[in-house]
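Hello,

Here is the structure I promised to pass on.

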Amino acid sequence: MWDQEIRAMASTHAILASTVFVATVAPKVLLRGFSVYGTHLLWMYCMAGAVGVVNVSVFWLLGISPPTKKHTVGYKLSRLVRSCLYLFLSCLFFHTVVVLYGAPLIESAVETFSLAVLLTSLTTLRCLCVLGPNVQAWIRVFSRHGAMSVWDTSLQITTGTTVIGAWLGAFPIPLDWDRPWQVWPVSCSMGSVIGFVSGLVAAPTWIHYHRKQLTYKCK
């Protein structure tokens with residue numbers, strides 16, 4: 001029933017997964033001394049920027065974003081401002097949550113906020129591309145049985161795997177192994193990216209094999 005949408009989503013996810021690979025490999029080739037561990041902040045911002053640009057571009061080209069009822073410049077500008085505000089608040093939210101989970105409050109604050117920026121790029125920006133700056137739509141999608149399309153289900157899966165990946169990435173940090181990837185927040189950021197890619201693979205696969213059981217209804 002949704003084979004065309006599933007194929008479009010799988011193609012989009014393949015492009016995003018390729019972007020993750022390119023954002024990791026290309027700086028290594030272009031920038032002298034670049035490494036995921038040694039210049040980790042630079043890697044995180046390269047990843048956040050690349051995924052963000054590709055997300056916006058692909059969803060705009062596919063026309064996945066919800067249609068606007070008004071086409072005035074003022075209305076579009078208002079949506080842009082609200083979207084930017086959502087992104088900023090998302091960064092503050094993730095930063096606060098990470099600190100509450102044990103990250104240093106003052107020490108390594110730049111690293112913690114950089115992780116929040118990465119998480120925002122992998123989750124919130126994607127939600128904005130699909131749902132727009134609509135709080136009610138966000139609450140609906142992330143409530144139980146709230147998905148109304150394969151794209152909504154995709155958001156649920158990729159957002160969940162990204163956050164879980166970041167959470168699991170924190171487990172090796174306290175261990176006394178003295179490894180370079182245990183420096184904050186290397187393992188968390190890598191865990192979030194691995195979780196994001198896992199969600200990109202899992203979402204179309206899960207939807208394809210469960211498409212007969214999915215009954216999306218307008219609510």
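Below are my notes on the cores, the aromatic pairs and the backbone.

First, the ground rules. This is a predicted model, so local features need pLDDT of at least 70 and side-chain atom pairs count only at pLDDT 80 or more, while totals for chains, interfaces and linings use all residues. Residues are numbered from 1 along each chain as its sequence is written, and side-chain values use heavy atoms, with hydrogens and water left out.

Helices here are DSSP runs of H or I with at least four residues, numbered from the N terminus. I call a residue buried under 20% relative accessible area, exposed over 50% and partly exposed in between, using a 1.4 Å probe and protein chains only.

Let me start with the packing. A nonpolar core is a set of buried Ala, Val, Leu, Ile, Met, Phe, Trp, Tyr and Cys residues joined through side-chain atoms within 4.5 Å. The largest one has 19 residues, and Trp43, Met47, Leu118, Val193 and Phe196 touch the most other members. At least two residues each come from helix H1 (3-30), helix H2 (40-62), H4 and H7, with H2 giving the largest share, seven residues. Another core, of 18 residues, lies apart from it and includes Ile6, Cys127, Trp138 and Leu214.

Trp43 is worth a click: beyond its neighbours within four places in sequence, its contacts (heavy atoms within 4.5 Å) are Ala23, Thr24, Phe34, Val36, Ser189, Met190 and Val193.

Next, the aromatic rings. Rings of Phe, Tyr and Trp (its six-membered ring) pair if their centres lie within 6.5 Å; planes under 30 degrees apart are stacked, over 60 edge-to-face and the rest tilted. That rule gives four aromatic pairs. One of them joins Phe59 and Trp151, which are edge-to-face because their planes stand at 70 degrees, with centres 5.5 Å apart. Phe59 sits in helix H2 and Trp151 in helix H6, 92 residues apart. Phe59 is buried at 1% relative accessibility, and Trp151 is buried too, at 5%. Tyr86 and Trp138 are also edge-to-face, with centres 5.6 Å apart and planes at 85 degrees. This pair ties helix H3 to helix H5 (residues 135-141), across 52 residues of sequence.

Finally, the backbone. Trp184 and Pro185 are joined by a cis peptide bond, with omega about -5 degrees; Pro185 is in the loop between helix H6 (150-169) and helix H7 (186-209). Ser108 is not a glycine, yet its phi is positive, about 65 degrees. Ser108 belongs to the loop between helix H3 (73-100) and helix H4 (109-131), and it counts as partly exposed at 25% relative accessibility.

Best wishes
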